[in-house]
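Work through each task with the sequence and the coordinates at hand before turning to its solution.

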Amino acid sequence: MLDSLASTLNGFLWAPALVYLALGVGIFLSIGMKFPQFRLIKDMVHQLVRGGSSENGVSSFQGFAMALGGRVGTGNIAGVASAIGTGGPGAVFWMWIIALVSAGSAFSESALAQVYKRKVLNQYRGGPAYYIEKGLKAKPLAIIFACATILAMTITGPTVQANAISTAFKGLNLNINPLVVGIVIFVLFLLVTIGGLKRIGSFASYVVPIMAIVYIVLAIIILIANAKQIGPMFALIFRSAFNQEALFGGIFGQCVMMGVKRGIYSNEAGWGSGAHAAATAEVSHPAKQGLAQAFSVYVDTLMVCTATALMILSTGCYNVLALDGKSFIVENLPGVEAGPGYVQRAIDTLIPGFGAPFITIAIFFFAFTTLLSFAVYADANIQYIMNAVSDKAKKYAYFFGVIIIATLSLFASMKDMTTAWNYADVGVGIMCWLNLPVLALMAPKSFRLLKDYEYQKHLGLDPVFIPEDIGFDNCELWDEIVEEKYSDLKAAKKAAESKTGVTEAEAIK
């Protein structure tokens, strides 16, 4: 019954209207900020290596790594394969488009999460629930979002990640019981999360970059080995994306829908999850983490997702379902379900027998780091709901949350892939429908934040966020942060403004 309900809700939430909403909000924010995802790429990379951690927050890079660990998950392998298997090669193009557009949404939600963060157990916490309450002044909606995120991060989301690990191990043909895989995930997850936010951030900062680089390098090697297919492959992607390929003409709607849907699920921009990791970072200005998180969308989709797609398409290791869901338009791999099996077969064309173990390891780390990020995201919202309780109760709430994620991951490892995706899509869909309209409503604040950052950069300063200078309220924590850690930057800003004789309010109109 629950599986049937998840399937029904999935169809309702992921109607074409959500695709238009995600694209529309991303384009609106990007235009309003003059496309920072293109103009400020140098700043994006620069902000990844600037600044350190503090007793209250992780470093900018660790915040980036945690969010990237959440973004780079099973969606980068199984999700891309699923998009191609249902929407055809053209779905890859629409994944690229949603990434370029969504980078604007990622900047906005991450910067706003920094603005309205608060201290919980002496560590920074924030996210959409926090900026909905303090920035939009809509506490009932904030509570609804927090509850929806807890649902998505502790119940619906972990199903795909744990299931993907279990499915990948099946591909090794070692007759490993899925229950055993689930128990291993359960134990390892608790070992890392028991150390709290700092341990998760440290683990992600080491594991995430390494796994992404190794995966991309392998894709490049496979492309070199199939160099003759590169031109025809890209031509097929573009023709299919614009309904110019007769073979895939009957599934053009699916092509766009699956590209955007899987792109949103993979890069997480717009549904607010990465904002929770962004809020934990120690930075002097919210735009710094906004830019870092916008870059993480590029790494996720334009690099890692693209690596998967190009491996699959250049080797021809894929099937494409017809609209009836039973027959095939393309059937290059009879009996192979859309998922990790496509990538395994692609790697086997280069090194026979290497595909299964490599993808099993890759999926394990991709999915496991995503589960760790889910613990951070869930905790931020659990702590939001429990704001008025004692610190002792808040500590128990964190452990309760991670135990739920670990337990459900154990059971999800024994579910089938279709059911797992339905559960995950429900959680993501609810968050998107709540967060995307909020980003549109709070767009003026996002515009001002970026203008403030660029204004200070123009003056040759290291930007610092002083809320009253640009008309922000309900940001009391920032008064404390600036006085304790960035008083020198504040003094430099005031000195530079006194020389120009122009107030910032006048300069950024």
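A residue is called buried when its relative accessible area is under 20%, exposed when it is over 50%, and partly exposed in between, with a 1.4 Å probe and protein chains only. The model is predicted, so that local features need pLDDT of at least 70 and side-chain atom pairs count only at pLDDT 80 or more, whereas totals for chains, interfaces and linings use all residues. Residues are numbered from 1 along each chain as its sequence is written, and side-chain values use heavy atoms, with hydrogens and water left out.

**Exercise 1.** Determine whether V336 is buried or exposed, and list its contacts beyond its sequence neighbours.

*Solution.* Begin with the location: V336 sits in the loop between β4 (328–331) and α16 (340–348), where helices (H or I, at least four residues) and strands (E, at least two) are DSSP runs numbered from the N terminus. Next, the relative accessibility of V336 is 14%, and therefore V336 counts as buried. Finally, with neighbours within four places in sequence left aside, V336 is in contact (heavy atoms within 4.5 Å) with N319, G341, Y342 and R345.

**Exercise 2.** Follow the contact from V336 to N319, and find which backbone atom lies 2.7 Å from a polar atom of the N319 side chain.

*Solution.* N319 belongs to strand β3 (residues 319–321), and its relative accessibility of 1% is why N319 counts as buried.

**Exercise 3.** Describe how helices α7 and α12 pack, and classify the residues of their contact.

*Solution.* Two packed helices are described by the angle between their axes and the distance between the axes. For α7 (residues 91–115) and α12 (residues 230–241), the angle is about 80° and the axes are 7 Å apart; axes are lines fitted to C-alpha atoms, for helices over the stretch in contact, and angles run from 0 to 180 degrees between N-to-C directions. The two helices are therefore roughly perpendicular to each other, given that this term covers 65 to 115 degrees, with angles under 35 roughly parallel, over 145 roughly antiparallel and the rest oblique. In the contact, V92, F93, W94 and W96 of α7 meet F234, I237, F238 and A241 of α12. These residues divide into eight nonpolar, no polar and no charged, where Ala, Val, Leu, Ile, Met, Phe, Trp, Tyr, Cys and Pro count as nonpolar, Asp, Glu, Lys and Arg as charged, and the others, Gly among them, as polar.

Note on methods:
A polar contact is a pair of N or O atoms within 3.5 Å; within protein, one must be able to donate a hydrogen and the other to accept it, and residues adjacent in sequence count only if both atoms are side-chain atoms.
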